[in-house]
Amino acid sequence: MKKLRCHCGEIEAEINIKKFDKIIKCNCSICKRKNAIMCLVNNEEFVVTKGKDKLSLYKFHTKVAKHYFCSICGIYTHHNPRSNPTMTGFNLGCIDEVDIFKLDKILVNDGLNHPLDKK
């Protein structure tokens, strides 16, 4: 079990994960701006334990993906991707014990050329 929290501590979550198998960055328009390093779990493995009322939701383009931010400090905590809304992507930078500058094998997700945007 890992604990996630935003910068100000108003948002906390528990993530049922032992190992970060697939660590990603994404080049879509929002991810390139937030520059987060993320990991994914099934929705039931991610539980907000504090501050649900402090979360802000941001949707854009197709309005399917849900991006969550702390309304106090502005930190991106997690999201549900449109390619698989049954998953929760979370910001590894919000887990105190993770040093994102020492992570190896960060995959780049090509969200700029999202498969759901192809005609």
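K3 is exposed, at a relative accessible area of 52%; exposed means over 50%, buried under 20% and partly exposed in between, with a 1.4 Å probe and protein chains only. The model is predicted: local features need pLDDT of at least 70, side-chain atom pairs count only at pLDDT 80 or more, and totals for chains, interfaces and linings use all residues. Residues are numbered from 1 along each chain as its sequence is written, and side-chain values use heavy atoms, with hydrogens and water left out.

**Exercise 1.** Find the residue with which K3 forms a salt bridge.

Solution.
1. A salt bridge needs a side-chain nitrogen of Lys or Arg within 4 Å of a carboxyl oxygen of Asp or Glu.
2. For K3 the partner is E14, with the closest N and O atoms 2.8 Å apart.
3. K3 belongs to strand β1 and E14 to strand β2 (residues 12-15), so the bridge ties together parts 11 residues apart in sequence. Strands (E, at least two residues) and helices (H or I, at least four) are DSSP runs, numbered from the N terminus.
4. E14 is partly exposed, at 26% relative accessibility.

**Exercise 2.** Decide whether K2 and E97 are buried or exposed, and locate both in the chain.

Solution.
1. The side chains of K2 and E97 form a salt bridge, at 2.8 Å from N to O.
2. K2 sits in strand β1 (residues 2-5), while E97 sits in the loop between β9 (87-91) and β10 (106-109); the two are 95 residues apart.
3. K2 has 17% relative accessibility and therefore counts as buried.
4. E97 has 55% and therefore counts as exposed.
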